[in-house]
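We will go from stop to stop, selecting a few residues each time.

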Amino acid sequence: MDRLFVKNAQWIMAKKIVDGHDGILSVANEMENIPFDIKRVYYIYNLINHRNVERGRHAHKSLEQVMFCINGQCNVLLDDGMSAQEIVLDQPTKGIYLGANLWHVMREFNSNCILLVFASDFYNELDYIRNYDDFVASVVEKGNMVNVISA
Ligand code: T46
């Protein structure tokens, strides 16, 4: 598993229970594997144009999320405004925490990719920063505010 060096991201491992039955049961518990109260769950699937599609391409102002690829795989580009890295989600138990102020792009899906996302709040379009320049400006502004406070 790649070391994460971008801010506001971390690997999240779901529990994997292999018992006497066929199949594997995985579980993620609020405040245990998922570091926030879960208000919403959504999933992304049926990626027919999977080779060319990119989803995400935004940051959130305050929303926190954990994303698992529970079938297939995809890449996620993570960009905190200072540095960026691309990770692979390819195991149902290996999730990524997406904190606020983290630009993320999901891409290079394979055809059977299913993303399962736990979110800390309900859908609110006002929480999205969908323009990359606006995102960088907000990171710079927050960085300056930190410097002013700590000066
Ligand atoms: C995110 C990444 C990982 C709703 O009406 N309710 C919802 O709960 C969601 C998630 C979306 N929508 C609507 C808003 C848009 O009209 O569904 C449409 C597609 O949403 P969006 O373009 O934001 O989809 P993605 O895949 O680019 O992003 C989604 C989440 O929206 C976003 O919060 O971080 O997955």
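Begin with K39, which is partly exposed at a relative accessible area of 46%; here buried means under 20%, exposed over 50%, and partly exposed in between, with a 1.4 Å probe and protein chains only. Before moving on, note that this is a predicted model, in which local features need pLDDT of at least 70 and side-chain atom pairs count only at pLDDT 80 or more, while totals for chains, interfaces and linings use all residues. Residues are numbered from 1 along each chain as its sequence is written, and side-chain values use heavy atoms, with hydrogens and water left out.

The term stands for a side-chain nitrogen of Lys or Arg within 4 Å of a carboxyl oxygen of Asp or Glu. D121 is partly exposed too, at 32% relative accessibility. Which parts does the pair tie together? D121 sits in the loop between β11 and β12 (128-129) and K39 in the loop between β3 and β4, so the bridge links parts 82 residues apart in sequence. Strands are DSSP runs (E, at least two residues), numbered from the N terminus.

The structure holds seven salt bridges. Select D90 and K94, where the closest N and O atoms are 3.0 Å apart. D90 is partly exposed at 34% relative accessibility, whereas K94 is buried at 8%. Next, pick R130 and E125, another salt bridge, with closest N and O atoms 2.7 Å apart. Then show E54, R57, E86 and R107 together: they are linked in a network of salt bridges.

Two strands are paired if DSSP finds at least two bridges between them. D79 stands opposite A84 in β8. Four residues lie between the strands of this hairpin, and G81 takes a positive phi near 95°.

**Stop four: the nonpolar cores**

From I87, look for its contacts (heavy atoms within 4.5 Å). Leaving aside neighbours within four places in sequence, I87 touches L4, W11, C74, N75, V76, L78 and I96. I87 is also one of the residues with the most contacts inside the largest nonpolar core, which has 21 residues. Such a core is a set of buried Ala, Val, Leu, Ile, Met, Phe, Trp, Tyr and Cys residues joined through side-chain atoms within 4.5 Å. The largest share of this core, three residues, comes from β7. A second, separate core of nine residues includes I12, I34, Y97 and L116.

**Last stop: N33**

Finish in the loop between β3 (25-27) and β4 (40-44), where you will find N33. Is N33 buried or exposed? N33 is buried, with a relative accessible area of 11%. Its side chain reaches the backbone oxygen of M13 at 3.0 Å. A polar side-chain atom of N33 also lies 2.8 Å from the backbone nitrogen of N29. Leaving aside neighbours within four places in sequence, N33 is in contact with I12, M13, A14, K15, V27 and A28.

Terms used
A polar contact is a pair of N or O atoms within 3.5 Å; within protein, one must be able to donate a hydrogen and the other to accept it, and residues adjacent in sequence count only if both atoms are side-chain atoms.
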